Amino acid sequence: MLVCWLCCRLTWNIAVILQSLCKSSLFYVLAADSLKCWTLPSAAGGTRVDPASHIPHIILTGVLCLLFAAWAKVDMTMEESVEVYLGDSAGIPCQYVFSEQPRAFMIQWFVVSTSGPLSHTPILDDGTDFTGRITVSNIGDKEGVLLTIQDVQLTDEREFFCQVNGMAAGNGEGKTHLRVFDPPMAPVIEGVHAGISVTNELPSRIASCEARNGFPRPNITWYRGISPLTPTHGQINVVILVTRESSGFYTVQSELQYKVAKEDKDVLFSCEVSYYVPGAVRTAESKGINITVHYPTTVVELWKESPQGLVKEGDTVEIRCQGDGNPPPPFTFNRQQETALEASDDTLVLREVTRGDSGVYQCRSLDLDTYEEVMGDVQLIVHYLDPALVVPKDSEIMFKGESLTATCNALSSLETFTVWFKNGLQVGTGHMLFLQDATYDTAGEYVCEVTVPSLPGLHTSGSVHIIVQGAPQMKDADREVEMEEGAGKWMNLSCEAHAHPLPTISWTVTGSQSWREVLTSATEHSTISLVSIKVTSDITAFCNATNEMGTEAKTFSISASKPPCHILTPWKKSEGNGVIIVVVIICVLLLAVLGSVLYFLHKKGKIPCGRSGKQEITKENPNKDGIVVEMKTDTKAEEAVLLKGVNGDKNGPNDQVTMNMKAIR
């Protein structure tokens, strides 16, 4: 009874299905001659066969189907899913294989309705979402058909069913899930602009990330550097907001809440969006952002900013303070165990420092969150060099032959180097100068210069004046100076004596009454005397230098020789100086001028050739005034003296020519 009831029930269902199919023209029928009632009307119209009038035939057919179904079946082959980008074309194949070749069969496509998961909607009917975008075609030489959907939309992502009904040959059904993909826009990340304190007890919002218009829904992952972040209680929270747009796309917003630490101040945070594409999963990474981390100061560093190197008195010193906290706390400066100093932000400026400014300087910072004070310090050393102290001071008198040790000391915080100079030439090094067996050449000013090699800006100097006291001393005083000069000539003799106190020089001349001292000069350590002597016979001259310490003499022996025939004889260079040479040149020039005048007058006929004492010259016009030239010889030694080199031969004054010019009316 149960088997008969099931067969009847199945036959009735088949009849109902066939009745519904006969009311639609959109299905495939492979007609058999014995089933003419299922022949479809043409597209141009026709009479639709009413299956209700053939219910007995249908029941009979159903019974026959049950009999054949016991051994007839259809093998269906369809892809589990087909993946395609939004806007592309999708092809869904449906392949079938009958165990026995049917005389007629039909294929129909359905899609899961959006109204409910159990509702199937035919897709080949007019007025559906697929109208105008769908075609069905054969798959080449294989048994099957291909459903092609053009311009795939987001709403096309559903399950598509292919039903094959071979009547007695069996029936089957297969399905394919159509998946539609559209990548989202590049992720946009935005960090928190305000600073985040490490002292916050709960995780703080540090950044947000957004991925817009993606399908299916994208996912967002947060990264700290290159390490992904996963939610951790009390440390990391991730808040996600998913929005389905009216267009069907998904927009995902993610907010990262993170408990920051000091080490995060240099770390880059970023977000990564992962999304599906046909056959793969792709990712897009945002730019990295840095967050501002606020953390307390734990270490304060203090250092000398300028000047570079060692500090000397007079410098301007800048001391800077820096802590490791963020934001930088306010700083206060003070000298150890002293009150606070005025400073500008993180810099303390000390102008024109002295050695008294040396010491330990401190910098303090107070954290306003924890109220903890942190201190740093630095030691400042101001180097100095005191003025040089020279012993003996100012000046010192020494006797000839004595020895003296002069010292030069300058107190300094660094090692010094001392050099002694005299007349610009270096005469010694070290802070002590040894003067032994003093002579008059030892006398003079000695300057000591003290420098600091490690700090070139430090230097000082001092001086001492050495005076050598003793009897006069003359060069070549131990031997007699012998010279020769023509009789009647003038000769200059000079004498220079060194001594302290300054000596006086006197002359004693034997053999000539015509001599005079023409020059006397004195320097700090010597006296010079110059005399002019007329050689009339052999002469002996004595130069005597005397001071309160003693006397020294020098002897000059002059031999008189016969005058030469020429007027001027070459003079011999002897002891003398530039003053005598100038006088000689002037005298020679005067003689040359006088000779030129005489020669000119002679040429004009104004002077006769004879050597008479007087000649009166008158002009042609007796009424005119005339000039009388009187020439006479003066044999006396007048004031004019022709000088030669010091202590050398000298021509005596020649006969002088006196021209008396009188006006004659």
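I began at Cys448, which is buried, with a relative accessible area of 0%. I take buried as under 20% relative accessible area, exposed as over 50% and partly exposed as in between, using a 1.4 Å probe and protein chains only. The model is predicted, with local features needing pLDDT of at least 70 and side-chain atom pairs counting only at pLDDT 80 or more, while totals for chains, interfaces and linings use all residues. Residues are numbered from 1 along each chain as its sequence is written, and side-chain values use heavy atoms, with hydrogens and water left out.

**Entry: Cys408 and Cys448**

I looked up the partner of Cys448 and found a disulfide to Cys408, with the sulfur atoms 2.0 Å apart. A disulfide here is a pair of cysteine sulfur atoms within 2.5 Å. The torsion about the S-S bond of Cys408 and Cys448 is about 60°, so I note this disulfide as right-handed. The link joins distant parts of the chain, with Cys408 in strand 32 (residues 404–409) and Cys448 in strand 36 (residues 444–451), 40 residues apart. Strands (E, at least two residues) and helices (H or I, at least four) are DSSP runs, numbered from the N terminus. Cys408 is buried as well, its relative accessible area being 1%.

**Entry: the other disulfides**

How many disulfides does a search of the whole structure find? I count 5 from that search. With bonded cysteines counted along the chain, they follow the pattern 1-2, 3-4, 5-6, 7-8, 9-10.

I then turned to Cys209 and Cys271, which form a disulfide with sulfur atoms 2.0 Å apart. The link of Cys209 and Cys271 is right-handed, with 65° about the S-S bond. This pair also connects distant parts of the chain: Cys209 sits in strand 12 (residues 204–214) and Cys271 in strand 17, 62 residues apart. Cys209 and Cys271 are buried.

Next I checked Cys495 and Cys543, whose sulfur atoms lie 1.9 Å apart in a disulfide. Is the link of Cys495 and Cys543 left-handed or right-handed? I find it left-handed, with -90° about the S-S bond. Distant parts of the chain are linked here too, Cys495 lying in strand 39 (residues 490–500) and Cys543 in strand 43 (residues 539–547), 48 residues apart. Cys495 and Cys543 are both buried.

I also looked up Cys587, and it is buried, with a relative accessible area of 12%.

**Entry: strand 13 and its partners**

Strand 13 (residues 219–224) and strand 17 (residues 268–277) run antiparallel and are joined by 6 bridges. I treat two strands as paired if DSSP finds at least two bridges between them. Strand 13 is also joined to strand 14 (residues 227–229) by 3 bridges, and these two run antiparallel.

Which residues stand opposite Tyr223? In strand 17 I find Ser270, and in strand 14 I find Pro228. The hairpin of strand 13 and strand 14 has 2 residues between the strands, and Gly225 takes a positive phi near 70° there.

**Entry: Ser557**

Ser557 is buried, with a relative accessible area of 18%. Leaving aside neighbours within four places in sequence, I list Glu480, Val481, Glu482, Met483 and Ile539 in contact with Ser557, contact meaning heavy atoms within 4.5 Å. The side chains of Ser557 and Glu480 are joined by a polar contact of 3.4 Å. A polar contact is a pair of N or O atoms within 3.5 Å; within protein, one must be able to donate a hydrogen and the other to accept it, and residues adjacent in sequence count only if both atoms are side-chain atoms.
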